[in-house]
Amino acid sequence: MTATQPVRPGEWFDTGMGLEDIDLSWYRMDITTDRYTDPEFVRREHESIWLRVWQVAGRASELPEAGDWLEYRLLDQSYLLVRGKDGQIRGYVNACRHRGNKLCIGRGNAKRGLLCQYHLWSYDLEGHLKGVLREKENVLTALDKKGLGLFPISVECFGGFIFVNPDPNAAPLAEFLGQEVVDLLTPYHLDEMDTVLDVREALNCNWKVVMDAFEEGYHISGIHPQLLQVIMIDPSTTRYKFFDKHSVSCAPFEVAGKAYGLEEQVEGIMSLPETFPSVTAVLPRFQELVAEHRGADGELKLPDGVTPRTLLQKATRETLTGMGFDVSALTDAQMSDNHGWVLFPNFFMTVRAGEATVILAQPHESGDPNKCYWHIISVMWLPDEYKEALHAQRIDVTEPGDYKYFTALQQDYEQMPRQQLGLRNKQLDHMSLVKEEVVIAHYHSVVDRYLGATQGVAP
C-alpha cells in the first residue's frame, strides 16, 4: 500500500482474529435448551430484550411518499411507522388515545392524517390529535388535545433500513450499533440498493434457532453441498470481529489448491446466481477474463497470483463501477466474499459488493416458543432502468411450503424445524458447541447479559 492509498474499513479481514486467536473461556459453549422451548423464557425476552432494543422493521423504501404508513407487529404489541410531510419516518404505538382502538392494520397511505375508524378521532402525521367527533359537545379543550397525541417510539434509519425501538427514551441508534460497525457497513452503500426479495413466513421453530443457523458455516458440508465449490470450508481461513453486542465473520470464496480444479472453480462461480443473483450481471465480464487465459487448445492456465476468485473480484469491480455504483471504499475481497453480520437481537446479513441478503427472526405473537417468523429481505444495486422491473413487494406466506426460496435458503428452511423437534426432548438439557460455532456462543452471551444472567465477559 502506498502512502496515498486510504485504509479501507474492510481491510480488517487481513489481520482479523482467527479461531486460534479466540479464548473460548470468555464464553459458555454449552447452551441450555430451555431458552428455545420454555414459554417463561419468551416472557423474559419480551420484557428484557424486545421492548428495549433497536430492531429492523423494514426498508425505508417501503414508505416512499408522505403519508405512507406500515404496521410493525412484535408479539402482542403493534406499532405504526409513518413518513411525514417533512420526509422523516416516525413511529407510534398503534392505539387511539380515546379507547385504545387499533388505528391501522397492514400498510397504506394517509396524506390527510390518521383516522380512528371507531369514533373518528384524527391525528396528523406527527402524531398530534387533530380532531374529535362532536368536539364542542364533548368539551375537549386545546390543552386536553395537546396531551392526547399518539405515544411515540424511537425510529431511525441506517443503510436504508428502518430501525425501531419500543422504548421512546432509547439511546441513539448509532450508540447501539457502535461507531466501528457504522464505519464498516457504510462503504457498502446499502441505502442505495433496491429490494428484490421480501418474504415473511411463520416457521415451526424458536426465533433463536433461525439466528443460530446463520451464525456458523459448520453446517455447509451437511446441508449446502452446492456451495462447496466456491466456499472454502477451512476454519483456519475464517476471520472474526466481535463488538459489544454484534459480530462479523467471513470465510473466503475460494477453493484454489483444495479439492477442486480450475474448471470446477469456474463452474462453481457460474452457478453463483442461484444464491447470489447480482452475480448474473458480472458473469459476462468474468467469462471474458477467463477466456483471456485459455490456450488455443481450450486449456485454462492462470499465472501465479491469479485465481478464479481474483478474476471474479476484478469483473465485479469493473462491472459495478461501469454501471455507476461506487465500490471504491471496498476491498478486492469484498467484491467476492460475503461477510456475515449479526446485529443483536435478530438481524443477520450476508453482504458483498452490490448485494446483501438479510434474515430477520421474530418471536411468534402466540408466545409459543416453538414458533417464530423469519423475514427475508434481499437488496441489490440496480441501474435506474431496472429498478421498477425488479423491485419486489412484500409477500406474506400463509401456507407452509407455498413459497420456494433459492436453494441455500430452502435447505435452511427445511432444516430448522427438524432441529426444534430435537430441542424439545426433555433429556437434552443443553447444546454442545464446537469452536467453529463461537459466533453463536458470543451471541448467546449477549442474550444472557440482557436477561441479567451473564455467563462471561465478551471480548
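Because the model is predicted, local features need pLDDT of at least 70 and side-chain atom pairs count only at pLDDT 80 or more, whereas totals for chains, interfaces and linings use all residues. Residues are numbered from 1 along each chain as its sequence is written, and side-chain values use heavy atoms, with hydrogens and water left out.

**Overall build**

- The protein chain has 15 helices and 20 strands, which are DSSP runs numbered from the N terminus (helices H or I, at least four residues; strands E, at least two).
- For 459 residues a compact globule would have a radius of gyration near 23 Å, and the 24 Å of the protein chain agrees with this; the radius is taken over C-alpha atoms, and the globule rule is 2.2 Å times the number of residues to the power 0.38.
- The C-alpha trace spans about 90 × 55 × 50 Å along its principal axes.
- Of the 459 residues, 53% count as buried, meaning under 20% relative accessible area (1.4 Å probe, protein chains only).
- Among contacts (heavy atoms within 4.5 Å) with a separation of 6 or more, 68% come from residues 24 or more positions apart.

- Strands β3 (residues 68-74) and β4 (residues 77-83) run antiparallel and are joined by 6 bridges, with W69 standing opposite V82 in β4.

**The sheet of 3 strands**

- Another open sheet has 3 strands in the order β7-β8-β9, again with antiparallel pairing, and its edge strands β7 (114-115) and β9 (129-131) each pair on one side only.
- Between β7 and strand β8 (residues 122-123) there are 2 bridges, and L114 stands opposite Y123 in β8.

**Helix α14**

- Helix α14 (residues 407-423) has 17 residues and reaches 25 Å from its first C-alpha to its last, close to the 24 Å expected, which is 1.5 Å times one less than its number of residues.
- Buried residues in α14 include L409, Y413, M416, Q420 and L423.

Key:
Pairing = 2+ DSSP bridges. Buried < 20%, exposed > 50% of the residue type's maximum accessible area, 1.4 Å probe, protein only.
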